[in-house]
Amino acid sequence: MATTLAASCPSPPLLRPMSLLPRLRLGLSLPLRRRALTAVAAAAVRQDAATWTQAPLSLVAPASADASLFHVSVDVSDAPDLAVSYTLPGQYLQLRVPASEKPSFLAIASPPSFASSCGEFQFLVKRVPGSTADLLCELGRGDVVELSAVMGKGFQVERISPPDAFPAVLIFATGSGISPIRSLIESGFNANERSDVRLYYGARNLQRMAYQDRFKDWESTGVRVIPVLSQPDEKWSGERGYVQAAFSRTKEILNPLLTGAVLCGHKQMAEEVTSELVADGVAFSPCHVLLVAGRHLMGNTACAPSAAGSGGSIKVIGSDGGFEEYVHSVRAAELMVENPGEFVCDAHHLSVGCRIPGLVADEELERRRLYFLLPLDLLFSVLTEDEMAALSCRASTATKKRGVAKNFGRRILPVLSDFCLFPAEAKRVSETTGSVKRMSTQRSWKPALDTIEEVP
């Protein structure tokens, strides 16, 4: 049953790009580099100019006491086709501002009914200095931005229907991950007809927690809100620590087979909560009841080592060296939502001396393949030997840490074989070690120049 919040039109109260390595510009002049970057940033998602819709901002205001989060509303009343194309909570779009050529991926926070009846998209934007989101938060009412088409499959709420068949739904969110959760709650999924619907919502403190003014309305629809603060002041008497720890202390899952879950937010939270749910017997399959969001916004989740089926999994290595594995279908845009300023690259298409390609936003990643998340300033630039070596060693280190089969590197990274895949070539890699270390001194990861053994 849809909530009353979604039916009315009340006045409403995603990151700094990370570079893999400092680029060697190969003699391009600054104007040429800027023009090239502008062109390839657009090409990264292959959005034709005709697909962008101009719309004015109707609100830009702090959403948290410390102004780390902002409410941003866009008036789409003059674009009814765009407004009605938003049909499911959890969908998202790209937003461009005049001062930046790079679009930002944003999950829509308001419910679909609000867009169709009131002609407005509402967002919760995390402000990060130097990002497109930061520029957006500097704008004001009446300033014009550009919106892409609405994308994504949204939350597949039918997996937990009817409510009497799935009486328990557990929801987990951290930081700005509460944005699509708001859309889900206010769209209505018959929470008041279920016996146990809980929202664990984590933030550093109350000054960084958005939507506090909506908690009572959410609870009136049947959702029990449990705020969890990791660094509260001495007056706080609620749950302390991290969301996953709070859930572990009070999980009380009566029947795992009749329990659904929605996760949206920090990667570590999603992984640890997922492990807890799987260990307790909550179904972990697209044909059952698990809904996952955030970095896994459109119904995916980083899988446990035993979760990958015979069809293989999708493996993604982030800019920070983190390793994620997906057993369900995932599109490039879903990863870019949580990684603004970055694009997805298929490792099979990397070759020294050639330009680095990117996947289109709606392109699905393939199973049994490895992908990298890379900063946009590398898109269509020429890949150097040092960068190839660093990427190869990042893949080696990440896959070894997650216990991936030793021959995975050979199958997935054939183009990297000149650098880290064969012991005989280790000397060649070592010759680049000095320059790689010098170029990566400002990075949080350090390339480990290990070899990946080739086995039959």
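## Strands and their partners

Four bridges join S12 to strand S15 (residues 369-375), and the two run parallel. Keep in mind that this is a predicted model.

**Exercise 1.** Find the residue that stands opposite Lys315 in S15, then work out which way the side chains of S12 point.

*Solution.* Start at Lys315: its opposite residue in S15 is Leu370. Next, look along S12, residues 314-317: Ile314 and Val316 point one way, while Lys315 and Ile317 point the other way.

**Exercise 2.** Describe how S12 pairs with S13 and inspect the hairpin between them.

*Solution.* First, the pairing of S12 with S13 (residues 323-326) is antiparallel and has four bridges. Val316 gives you a landmark here, standing opposite Glu324 in S13. Then follow the chain through the five residues between the strands, where Gly321 takes a positive phi near 85°.

**Exercise 3.** Now turn to the open sheet of six strands: which strands stand at the edges, and why is one side of each left without a neighbour in the sheet?

*Solution.* Write down the order, S4-S3-S6-S1-S2-S5, with antiparallel pairing. The edges are S4 (104-107) and S5 (120-126); each has a single partner strand, so one side of each lacks a neighbour in the sheet. Neighbouring strands of this sheet are turned by 40° against each other on average, direction ignored.

Key:
Residues are numbered from 1 along each chain as its sequence is written. This is a predicted model: local features need pLDDT of at least 70, side-chain atom pairs count only at pLDDT 80 or more; totals for chains, interfaces and linings use all residues. Side-chain values use heavy atoms; hydrogens and water are left out. Buried means under 20% relative accessible area, exposed over 50%, partly exposed in between (1.4 Å probe, protein chains only). Two strands pair if DSSP finds at least two bridges between them. Axes are lines fitted to C-alpha atoms, for helices over the stretch in contact, and angles run from 0 to 180 degrees between N-to-C directions.
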